[in-house]
Amino acid sequence: MAQSADDTWAESILKQMTLDEKLDLVRGSNPFTVKPRLTPDVAKGAGYVKGVPRLGVPYLAESDASVGVANTMGALRPGDVATALPSTVLLASTWDPGLVERGSAMIGSEARDKGFNVLLAGGVNLAREPRNGRNFEYFGEDPLLAGTLAGHAIRGIQSNHVLSTIKHFVLNTQETGRTILTANMDEGALRESDLLAFEIGIEIGQPGSVMCAYNRINGAFGCENAFLLNDVLRRDWGYKGFVMSDWGAVHGPSIRQGLDQESGTNPTDAGYFSAQLRAALAAGTVSGADVDRSVLRILRSIHAVGLAGHPPARQPIDYDANGRIAQEVAERGIVLLKNEHDLLPIAATVRTILVVGGHADVGILVGGGGSSQVNPVGGAALKVPAVFGKKLYSNSSPVAALRAALPQATVSFDDGTDPRRAAEAARKADLVVVIGEQFTTETMDVKNLNLPDNQDALIAAVAGANPATVVVLVTGGPVLMPWLDKAGAVLEAWYPGQRGGDAIAQILTGAVNPSGHLAMTFPASERQLPNPTIPGYAMAGETVQRDLYGLPKDMKPFAVTYPEGANAGYRWYDKTGAKPLFPFGHGLSYTRFAYKDLRVTGGARPGMSFAIANVGRRTGADVAQAYARVNGVRRLVGWSRVELKPGERRRVVVDVDPRLMASFDVAAHDWHVAGGTYDIEIGENVERPVLKAKMRLDDQRIKP
Ligand code: GLC
């Protein structure tokens, strides 16, 4: 195969580099402790990698990440703000690759304009564990949906000549004990689930780098797991980019096991990819060719994403235009879960509205905690101390937005600290909007799926006093709803980002027709989960004395096993027959859609087409999902998000990647599509098929 321009450039640079320059490239530093100190023009965030100016190799200024240019609690760069994109699980709930690409291109442009050329984004770990503190940063529980949307997010970011990662490779499914646990799963199940999400994300997004995870996988740490890094990522998938470590995830000069760059080191660290690597070179346990191979991968990615020709430089940012993009994303990812008697959109006859809780008079919780936290434009309207950092609120107030949208109504606010008082006020209102808020953060999982701080009692009191109650959930993932039968309507707004309060009001008033669909199952009980309690939680629990990576002192390594295997999320419910509170793919609209005329093609290139029509009275978008039953379990094999005017109909076509119909045959080392007949279902969620058909497939084997 002809050598690419990327390879040619990389090789031309490599042969001119000194050993010191090569060793500078395989080690990243903490920009605040690196010696010599960095000049003010270098953007400081998560990491810094020295370049080779004499050869035109730019330095790497690395920032977090998936929901915008991070500035944890505003501390990294005091006074610096950025547009907060809604949380990644909200992006997943849009099921809209084009929109995800556009929203991600926006945060990539802000990274570039702030002087960064690496965004540590592309979090695609499957949401197997609904209590995981970082689910808000990921694309949900299905490998096709998550991989596709992560790939488009990466494409969006990299369109700015800003290199994106895809992370955390692999099975980083919980925060509890993340740096010491071993995640154990057989290869076939792993290939069909978490690895498949990465494989699809890499095929679509071509990320410049893969970030290896803290945890062990089947006993070997992610950043020295030769099977995953050398056999799967390079030999099988042909990945040409480089592997960077997560921060503090390196345990030795593991360059031969497939790690190319150690990230975020401090001068006081063990120096795995500095002193220890030099020693390994001197001892011959690592060769010059090993180092050259890693340097070549890094240089190649720098050229492939266009960093070489576009060194980091600060530019003015149009925060208003970017805020509008963030709001558009939020409006499409908010999910209408329940709407009894068409309580929503708010009727023109409504004259008094009570809004309760969530600091909705000031703003809205803008995101979760940890390395991804953005300091929103306008600065945090409110900072509330929370476990691991602070909860930041953007100045997008649902109360202010409702007042602006409904001048004919009186909108009052109760802070929700006294359920009795709030219930009294609710009784007198025409409509009540109560915010149910759950803060989640990196380094810590949630103890359970109940809303914290007695909010369930508050919501039950308010909804019990007035059935015209809308619950607006602002959460990092699924929550239980003991008050559900009392609430007239429920919206899941996730962390809705920079203008989340405005987006919520747009949906409540009907200015926007909701079109979000769940990318994560909402359990009816934690007893339904593969692991009813989080492995290791009893050891770590609510302990607050933790290290920088969230590890309580003297916590012992433990194993996480996955009874569900490849059948994460909805597939587990399908397999066990358990009925969730709200199923994967669920999302209501203010209009209605009808499907008809399903036609399937089988053979070696499976596919299908069907007609969808808007049979209601309002323009709206639907997400028509296609499922196939493989080995007795439903799998998402495609979808189409379609916006239609009243009466409009459209024929949609869904091509199916044969891997989705296959089992991974470890012995034969290939994807095996067993010849035979398969049930195909089309619907608006995984539980309620509207159209059904049989698909006949040829027996075929596909090399990875
Ligand atoms: C963190 C996270 C990772 C982040 C990195 C840099 O520990 O695990 O997602 O990109 O360190 O902040």
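Student: In what order do the six strands of the open sheet lie?
Tutor: This is a predicted model, in which local features need pLDDT of at least 70, side-chain atom pairs count only at pLDDT 80 or more, and totals for chains, interfaces and linings use all residues. Residues are numbered from 1 along each chain as its sequence is written, and side-chain values use heavy atoms, with hydrogens and water left out. Strands are DSSP runs (E, at least two residues) and helices are runs of H or I of at least four, numbered from the N terminus; two strands pair if DSSP finds at least two bridges between them. The pairing here is mixed, and the order is β12-β20-β19-β18-β13-β17.

Student: Which strands stand at the edges of that sheet, and why is one side of each left without a neighbour?
Tutor: Each edge strand has a single partner strand, so one of its sides has no neighbour in the sheet. The strands in question are β12 (335–339) and β17 (410–414).

Student: In which sense do β13 and β18 pair?
Tutor: Strand β13 covers residues 352–356 and strand β18 residues 431–437, with four bridges between them. Leu 354 stands opposite Val 432 of β18. The sense of the pairing is parallel.

Student: Is α1 parallel or oblique to α10?
Tutor: Helix α1 (residues 5–14) packs on helix α10 (residues 288–304) with the axes 8 Å apart and an angle of about 130°. Axes are lines fitted to C-alpha atoms, for helices over the stretch in contact, and angles run from 0 to 180 degrees between N-to-C directions. Angles under 35 degrees count as roughly parallel, over 145 as roughly antiparallel, 65 to 115 as roughly perpendicular and the rest as oblique. The angle therefore makes α1, relative to α10, oblique.

Student: Is Ser 287 buried or partly exposed?
Tutor: Ser 287 sits in the loop between α9 (275–283) and α10. Beyond its neighbours within four places in sequence, Ser 287 is in contact (heavy atoms within 4.5 Å) with Arg 256 and Leu 281. Buried means under 20% relative accessible area, exposed over 50%, and partly exposed in between, with a 1.4 Å probe and protein chains only. At 24%, Ser 287 is partly exposed.

Student: Which strand pairs with β3 in the parallel sense?
Tutor: Strand β3 (residues 60–63) is covered on both faces, with Leu 60 and Glu 62 buried on one side and Ala 61 and Ser 63 on the other. Strand β2 (residues 47–49) pairs with β3 in the antiparallel sense over three bridges. The parallel partner, over two bridges, is β4.
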